[in-house]
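Work through each task before reading its solution.

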Amino acid sequence: MRLCVKCVDMALKLSSALMHETIKKFTTKELATLNYNHTVKQAISLLRKKQLCEKIIYFYAVDDNGLLLGVVPVRKLLSCDETEKVSEIMDTPIFSIRESSTLQEASELFLEHRYMALPVVDANNKLIGVIDINLFTDGINAMSKKQELEKAFQFIGVHLAASRKISAWIRFKDRFPWLICNMISGLLCALIVSRYEIMLKEIITLAIFMTVILALSESVSIQSMTITLQNIIHSKLSLNRLLRILRREFLTTLILGASSGFILFFISFFWRHDLLASLVIFIGVALSICTAGLFGVIVPTAIYSLKADPKIATGPIVLALVDVVTLFYYFGIASSIL
């Protein structure tokens with residue numbers, strides 16, 4: 001679907017002027033809240049007494065102090081049993097945005113989760129308003145139509161693309177701090193290698209295969225990281241889901257590590273005729289690949305939960321950890337066996 005030139009121009013103007021401003025000025029106070037302790041019947045009865053705005057997409061469940069606890073889609077409220085409590089039918093976890101966030105951050109959340117409205121909260125998670133997708137989509141009224149919704153998200157994408165035309169210096173400041181992780185890990189790796197310098201001189205096989213093991217563990221960590229980023233950005237991530245992802249990734253990397261180590265064991269043995277060194281390589285590869293896979297899941301999830309950009313920060317941190325741990329395993333096992 002192509003966007004018309006007029007709409008694109010409108011998006012570009014909005015992006016350059018407003019995308020880095022806070023969302024507080026764009027937040028509407030017209031929202032419907034439900035007390036999480038009320039039954040569905042009580043909630044509907046109270047809503048009938050209120051003067052509601054024309055279009056309501058979600059109801060927001062709050063406690064007596066106005067703290068945001070969950071979200072209840074309109075259809076779900078109307079179709080549930082009247083005796084059920086709001087706390088039983090509300091959806092959690094809920095994606096909210098702080099009033100101090102920028103319009104660009106709000107746009108990214110809209111794109112990631114495909115919501116038509118986002119609740120705005122203060123520093124204490126108290127609900128203060130809502131930001132609506134119509135802010136980005138002037139002229140789109142039939143929001144229930146899938147085609148119109150797709151057009152709305154395309155508009156937001158144009159806003160974001162325009163707002164990201166920032167200077168090289170700002171991009172440098174965003175990316176350089178994370179590269180320090182690689183510098184630190186490089187120095188740690190150098191210290192680890194220097195500690196086993198004599199062993200490397202005496203057992204050349206370990207030195208030959210060291211770069212192969214590092215390359216394998218780094219590749220697996222990047223694969224796991226990429227899959228995890230897709231999971232956490234395009235779907236809600238709960239603790240149970242995270243545990244399932246960890247379990248699946250562990251089983252996968254266990255097979256990858258065993259098979260890769262098995263292949264390198266035979267290559268090393270038939271090439272260098274050193275059984276113990278080949279055994280070190282096998283165990284080192286298996287352990288490092290399993291650990292790399294787990295890092296590829298845990299690190300991006302942790303960074304995402306801290307509201308940092310996982311696409312920029314995750315790579316350097318994961319690779320730094322994987323390099324250090326791989327060499328630690330490799331030489332630790334070599335010291336024990338050899």
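The model is predicted. In it, ring pairs join Phe262, Phe265, Phe266, Phe269 and Phe270 into a cluster.

**Exercise 1.** Classify the aromatic pair formed by Phe266 and Phe270.

Solution. 
- A pair of aromatic rings is described by the distance of the centres and the angle of the planes.
- The count of aromatic pairs comes to eight. For the pair of Phe266 and Phe270, the centres are 6.0 Å apart and the planes are at 15 degrees.
- Planes under 30 degrees apart count as stacked, so the pair of Phe266 and Phe270 is stacked.
- Both residues belong to helix α10, where they sit four residues apart, about one turn of the helix.

**Exercise 2.** Classify the pair of Phe269 and Phe270, then state whether Phe270 is buried, partly exposed or exposed.

Solution. 
- Phe269 and Phe270 have a centre-to-centre distance of 5.6 Å and an angle of 75 degrees between the planes, an edge-to-face pair.
- Phe270 has a relative accessibility of 57%. The cut-off for exposed is over 50%, so Phe270 counts as exposed.
- Phe269, at 28%, counts as partly exposed, and Phe266, at 34%, is partly exposed.

**Exercise 3.** Describe how helices α10 and α11 are oriented to each other.

Solution. 
- The axes of α10 (residues 239-272) and α11 (residues 275-305) come within 8 Å and cross at roughly 155 degrees.
- Angles over 145 degrees count as roughly antiparallel, and α10 and α11 are therefore roughly antiparallel to each other.
- The crossing of α10 and α11 is right-handed.
- Residues in the contact of α10 with α11 comprise 22 nonpolar, eight polar and one charged.

Definitions and conventions. Residues are numbered from 1 along each chain as its sequence is written. This is a predicted model: local features need pLDDT of at least 70, side-chain atom pairs count only at pLDDT 80 or more; totals for chains, interfaces and linings use all residues. Side-chain values use heavy atoms; hydrogens and water are left out. Axes are lines fitted to C-alpha atoms, for helices over the stretch in contact, and angles run from 0 to 180 degrees between N-to-C directions. Helices (H or I, at least four residues) and strands (E, at least two) are DSSP runs, numbered from the N terminus. Angles under 35 degrees count as roughly parallel, over 145 as roughly antiparallel, 65 to 115 as roughly perpendicular and the rest as oblique. A crossing is left-handed if the near helix is turned anticlockwise from the far one by less than a right angle, and right-handed if clockwise. Ala, Val, Leu, Ile, Met, Phe, Trp, Tyr, Cys and Pro count as nonpolar, Asp, Glu, Lys and Arg as charged, and the others, Gly among them, as polar. Rings of Phe, Tyr and Trp (its six-membered ring) pair if their centres lie within 6.5 Å; planes under 30 degrees apart count as stacked, over 60 as edge-to-face and the rest as tilted. Buried means under 20% relative accessible area, exposed over 50%, partly exposed in between (1.4 Å probe, protein chains only).
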